[in-house]
Each structure stands twice: as structure tokens, then as C-alpha cells.
Amino acid sequence: QELSNLVWTFATVEQPHPKLFRKVADHIAALDDMGKFQPQNLSNISWAYATLDETHPQLFESVAAHIATLNTLDEFKPRNLSNLVWA
């Protein structure tokens with residue numbers, strides 16, 4: 001949640017920080033298990049990167065791959081899903 005809050009805050013105040021965003025994305029993309037991320041966290045992270053036009057294909061691939069392994073999307077609120085699709 002901390003990483004999600006961090007990048008969400010930068011995006012909310014429209015303050016890009018490419019080096020920080022690259023470091024956070026590299027860390028998240030390298031995780032073996034993204035199961036600790038709540039749907040809201042995944043949504044906020046994706047939204048933040050898209051909002052600040054920060055690209056990191058490996059991050060988005062990791063998020064998508066994780067979501068694709070889930071048995072159901074019931075834990076995702078409609079807003080979570082719409083933010084993910086928009087991002």
C-alpha cells in the first residue's frame with residue numbers, strides 16, 4: 001500500500017518524478033508475487049503512471065499478468081477496473 005500511496009500522491013498533485021517512478025516500477029515488476037497488492041493498490045498504481053504519462057511496460061505487464069491469474073474479479077470495485085482499463 002505504501003508504494004501505491006506514494007505514486008498516487010505524486011500523480012494527484014501533478015508532480016512528475018521519473019527517477020522515483022522508474023525505481024518503484026522496477027521494484028514492483030521484479031516481485032515474484034503481487035498477491036499482497038489489493039485491487040485498490042493496483043488501480044492506484046496504474047492510474048498514477050498513466051496520469052503522469054510515465055511508461056514502464058514491465059510494470060503494466062506484471063499487473064496484467066497478476067490480474068489474469070485471479071479466479072475472479074469480484075474483489076475489484078467498478079472504479080478499480082475502470083482505472084485499470086483507462087491506464
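# A tour around helix H3

Start by selecting helix H3: the cover over its buried residues includes helix H1 (2-12), H2, helix H4 (57-69) and H5. Helices here are DSSP runs of H or I with at least four residues, numbered from the N terminus. Buried means under 20% relative accessible area, exposed over 50%, and partly exposed in between, with a 1.4 Å probe and protein chains only.

The model is predicted: local features need pLDDT of at least 70, side-chain atom pairs count only at pLDDT 80 or more, and totals for chains, interfaces and linings use all residues. Residues are numbered from 1 along each chain as its sequence is written, and side-chain values use heavy atoms, with hydrogens and water left out.

**Colour by confidence.** pLDDT is the predictor's confidence in each residue, from 0 to 100. The chain has a mean pLDDT of 95, and 100% of its residues reach 70 or more. Confidence is lowest in helix H5 (residues 78-86), with a mean of 94, and highest in helix H2 (residues 18-29), at 98.

**Select H3, residues 39-51.** From first C-alpha to last, the 13 residues of H3 reach 18 Å, close to the 18 Å expected at 1.5 Å a residue. The expected span is 1.5 Å times one less than the number of residues. Buried residues of H3 include Pro39, Leu42, Ala48 and Tyr49. Just after H3, select Asp53, which takes a positive phi of about 55°.

**Select Asn44.** Leaving aside neighbours within four places in sequence, Asn44 is in contact (heavy atoms within 4.5 Å) with Ser4 and Trp8.

**Select Ser43.** Ser43, also in helix H3, is buried, with a relative accessible area of 0%. The side chains of Ser43 and Asn83 make a polar contact at 3.4 Å. Not counting residues up to four places away in sequence, Ser43 touches Arg79, Asn80, Asn83 and Leu84.

**Select Ala11.** This residue is found in helix H1 and is buried at 2% relative accessible area. Beyond its neighbours within four places in sequence, Ala11 is in contact with Trp47, Ala48, Thr51 and Leu52.

**Show the core.** A nonpolar core is a set of buried Ala, Val, Leu, Ile, Met, Phe, Trp, Tyr and Cys residues joined through side-chain atoms within 4.5 Å. The largest one has 18 residues; Val7, Ile28, Leu42 and Ile45 are among those with the most contacts inside it. H1, H2, H3 and H4 each supply at least two residues of this core. In soluble globular proteins, nonpolar side chains tend to be buried together.

**Finish with the rings.** Rings of Phe, Tyr and Trp (its six-membered ring) pair if their centres lie within 6.5 Å; planes under 30 degrees apart count as stacked, over 60 as edge-to-face and the rest as tilted. The structure holds 2 aromatic pairs. The rings of Phe10 and Phe21 have centres 6.4 Å apart and planes at 80°, so this pair is edge-to-face. Phe10 is in helix H1 and Phe21 in helix H2, 11 residues apart. Ring pairs link Phe10, Phe21 and Tyr49 into a cluster.

Conventions. Polar contact = N/O pair within 3.5 Å; in protein donor to acceptor, adjacent residues only side chain to side chain.
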